[in-house]
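Reader: Could you walk me through this one? I'd like to take the pieces one at a time.

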2 protein chains.
Amino acid sequence: MEIIKGGVTAAKGFRAAAAAAGIKYQDRKDMAMIVSEVPAVSAGTFTSNVVKAAPVQWDRKVVSEETCARAVVINAGIANACTGAEGLGYCRETAGEVERQLQIPKNQVLVASTGVIGKQLPIERLKAGIDAMIPNLSDSMESGHEAALAIMTTDTKEKEVAVTFQVGGKVATLGGMSKGSGMIHPNMCTMLAFLTTDVAISKEMLAEALKEDIKDTFNMISVDGDTSTNDTVLLLANGMAENPVITEKNEDYASFREALHYVNETLAKKMAGDGEGATALFETKVIHADTKEHARILAKSVICSSLTKAAIFGHDANWGRILCALGYSGVDFDPEAIELYFQSKSGKILIYRDGLGTDYSEEEATRILSDPEVTVLVDMKMGQEAAAAWGCDLTYDYVKINADYRS
Amino acid sequence: MEIIKGGVTAAKGFRAAAAAAGIKYQDRKDMAMIVSEVPAVSAGTFTSNVVKAAPVQWDRKVVSEETCARAVVINAGIANACTGAEGLGYCRETAGEVERQLQIPKNQVLVASTGVIGKQLPIERLKAGIDAMIPNLSDSMESGHEAALAIMTTDTKEKEVAVTFQVGGKVATLGGMSKGSGMIHPNMCTMLAFLTTDVAISKEMLAEALKEDIKDTFNMISVDGDTSTNDTVLLLANGMAENPVITEKNEDYASFREALHYVNETLAKKMAGDGEGATALFETKVIHADTKEHARILAKSVICSSLTKAAIFGHDANWGRILCALGYSGVDFDPEAIELYFQSKSGKILIYRDGLGTDYSEEEATRILSDPEVTVLVDMKMGQEAAAAWGCDLTYDYVKINADYRS
């Protein structure tokens, strides 16, 4: 596997464009579009929230009922959630506009929205946006980048990644982009992420690969504990790498899985590090747990703790809060047996062992915690399973952004 | 039932005192003590956190193994959690000091601590604090009040309440005090609360009453989602009201339950409203749910949502976040069937119905949300069960308090 520059246009046969449709923001692009030259098999995972946004309802149908997908239309600013029959109608109209312009059947068009809940989309502006994007669709790296910028809301950085990998004697490519900054606590699935690959793979294997991988990537991040109504990961595979079609869990599948994992983990960490108001990416690694599921639960409990997140913001080695968060996670363990470390590029220190804080240097701890990427390492001493979770610190700016998001 | 002034000294035969022991804070009292003139039956509920502070371990033993309890010693500033055998030894020494001075057997002395995790208690100061308090033990309202002040940490207000109630032809009294401002997300039990009553009741009935009532009171509040290592509710009943001893769920039990519920709910709401950095008490009432447990889960999900809490701070009628929090609670429902209202002393407005936002006035909504006590009313339209939960808004000051709590 090799990491390359690019995003959703990195794989063969994928074009993208962006437009300023004036949906909510001024002076910036707020719509993006991805089109595959040829029909692609699709996989998707969606929010587990009972309240599902209209685009989630639309896409679930497309992914489950159609054999292929060709295009994705995305808007930022309005989430099209809690918008009733009118909102669902706008998904159909959006897809219809693509059908009219590109002769792609509307049931092969995916849609995604992010932004405020409960407002209706200005559908005429959306359609005008599609009309403006179509002549600009391009497979250039730049067009993929513009798409990544256009789907941002409170994000401060665009999020893109791409890799190549060997499969059946061919080189295939997988690229992706995502957005997500607040209302981030994916459960079963996540925020908006769009992945494109030219690998040839069956729909079943594609779905299996995505389902397996998100457990350790998108489902292991949290910004604020709020599972959105719009969480969506879409993965399109158009087969243009011309490898023998992957239809079973063979070596080629493993190669694709490795690429997918890298792309998903990279996007997931970028989202966590760019959480609303964040000044640091906060990672928790749990090792030597008795089961994989316990490792995941413990890691996620720490990165979700408001008190721990505030301490990270303050560069304060308040390890009692970490132990507290492990303790209320629901996983049973012996607090006297485990060890805690703080770790960053500035160093690594043992902070807790045998039921007591160690005689660590507060100065050194503060230096480690002042880095923009901070890791808490938890050694459970129980078994062989490990997991990581990613979050961010809790800051004044998180409160500021969310106390008055709508205006 | 009648609401009266007072707290832990309201019931017959309970004395209290406070002292400045210099455990962490300067220029304030940081220890309190409650003593019953006669042996009292005791009930307690404690944190479900796997990491249990030393005083929790000590008290669990006293409450479960001893037939009665006589005294409680409390300190603020250091939690005596994650302190190993040394920390547990300090509980024994604390109780031993009371035994030495008051001839109360040390296994009838309860202890409680709140503050920073991982530091050892200065036991000599603690013992000196006990020696200073003993001559001042008094059943005056003022001494109960001083105890309520002494147990505060980041609390901004003391929390006391008392009621009288009729039982078996006698008037009995129940009073209590509590503290709790951060690391508040009780599970099975809660932060520090101390309840004293002169009712005559069996240990079994006392435990049953407490266990039942906390489900709808202390367990329905959250400040930050962090379940503490020290959560403790202690209830002492010394029988001095001279009513026929309550040994079954009769009319007298119902009368006591009513009093207990009022006291617990009042203390719970005071804690939520005085959550770290809070400017408002944020209540969510769920009505017409299909089961009681679903009503509780839904109500608690809303008051725990960081995004909703930030919106309450901003007086922003961002109802989409409320719907979102109901949706990820784990309870299944039809989002198109439910109704949402905002409510406060300034009025009540319908904000969501039939899957859509109503045509409400933003100005009116902002006025309602600007009150210091704000209620979200959720009508599930599914059945006859109801529940309420209490939290607070998420503010800059929450971050400020917790980014640098230790220094």
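Reader: To start with chain A, in what order do the 6 strands of the open sheet come?

Author: Bearing in mind that this is a predicted model, the order in chain A is S13-S12-S11-S14-S10-S15, and the pairing within this open sheet is mixed.

Reader: Which strands stand at the edges there?

Author: Strand S13 (356-357) and strand S15 (385-392) of chain A do, and because each has a single partner strand, one side of each is left without a neighbour in the sheet.

Reader: And how does S13(A) pair with S12(A), parallel or antiparallel?

Author: Strand S12 (residues 347-353) of chain A and S13(A) are paired in the antiparallel sense, over 2 bridges. Looking at a particular residue, Tyr352(A) has Gly357(A) in S13(A) as its bridge partner.

Reader: Which strands does helix H7 of chain A touch?

Author: Helix H7 (residues 292-304) of chain A packs on the sheet and touches strand S10 (281-289), strand S14 (373-379) and S15 of chain A, with its direction making about 20° with that of S15(A).

Reader: Let's move to chain B. What is the strand order in its open sheet?

Author: In chain B, 6 strands form an open sheet with mixed pairing, in the order S13-S12-S11-S14-S10-S15. Strand S13 (356-357) and strand S15 (385-392) of chain B are at the edges, and since each has a single partner strand, one side of each lacks a neighbour in the sheet.

Reader: How many bridges join S10 and S14 of chain B?

Author: Strand S10 (residues 281-289) of chain B is joined by 7 bridges to strand S14 (residues 373-379) of chain B, and the two run parallel. In that pairing, Val286(B) has Val378(B) of S14(B) as its bridge partner.

Reader: Where does helix H9 of chain B lie?

Author: Helix H9 (residues 319-327) of chain B lies across strand S11 (339-344), strand S12 (347-353), S13 and S14 of chain B, and runs at about 65° to S12(B).

Reader: Switching to helix packing: at what angle do H1 and H2 of chain A pack?

Author: Helix H1 (residues 54-65) of chain A and helix H2 (residues 84-102) of chain A pack at an angle of about 50°, their axes being 8 Å apart. That angle makes H1(A) oblique to H2(A), and their crossing is right-handed.

Reader: Which residues make the contact?

Author: From H1(A) there are Ala54(A), Pro55(A), Gln57(A) and Trp58(A), and from H2(A) there are Gly87(A), Leu88(A), Tyr90(A) and Cys91(A). By class, the contact of H1(A) with H2(A) has 6 nonpolar residues, 2 polar and no charged.

Reader: What about H2 and H3 in chain B, at roughly what angle do they cross?

Author: The axes of helix H2 (residues 84-102) of chain B and helix H3 (residues 123-133) of chain B cross at roughly 25° and come within 10 Å. H2(B) and H3(B) are therefore roughly parallel to each other, and the crossing is right-handed.

Reader: Who meets whom there, and how many charged residues are in the contact?

Author: In H2(B), Tyr90(B), Glu93(B), Thr94(B), Glu97(B), Val98(B) and Gln101(B) meet Ile123(B), Leu126(B), Lys127(B), Ile130(B) and Asp131(B) in H3(B). The contact of H2(B) with H3(B) divides into 5 nonpolar, 2 polar and 4 charged residues.

Reader: Last topic, then: what rotation superposes chain B on chain A?

Author: A rotation of 180°, with 0.0 Å of shift along its axis, superposes them with an RMSD of 0.0 Å. The two copies are thus related as by a two-fold rotation axis.

Reader: Which residue of chain B comes closest to the rotation axis?

Author: Tyr396(B) does, with its C-alpha at 2.6 Å. As for the interface, 100% of the interface residues of chain B are also interface residues in chain A, so the copies meet through the same surface.

Note on methods
Residues are numbered from 1 along each chain as its sequence is written. Chains are lettered from A and ligands numbered from 1 in the order in which they are written. This is a predicted model: local features need pLDDT of at least 70, side-chain atom pairs count only at pLDDT 80 or more; totals for chains, interfaces and linings use all residues. Axes are lines fitted to C-alpha atoms, for helices over the stretch in contact, and angles run from 0 to 180 degrees between N-to-C directions. Helices (H or I, at least four residues) and strands (E, at least two) are DSSP runs, numbered from the N terminus. Angles under 35 degrees count as roughly parallel, over 145 as roughly antiparallel, 65 to 115 as roughly perpendicular and the rest as oblique. A crossing is left-handed if the near helix is turned anticlockwise from the far one by less than a right angle, and right-handed if clockwise. Two residues are in contact if their C-beta atoms, placed from the backbone, lie within 7 Å. Ala, Val, Leu, Ile, Met, Phe, Trp, Tyr, Cys and Pro count as nonpolar, Asp, Glu, Lys and Arg as charged, and the others, Gly among them, as polar. Copies are superposed by least squares on the C-alpha atoms of residues with pLDDT of at least 70 in both. Two strands pair if DSSP finds at least two bridges between them.
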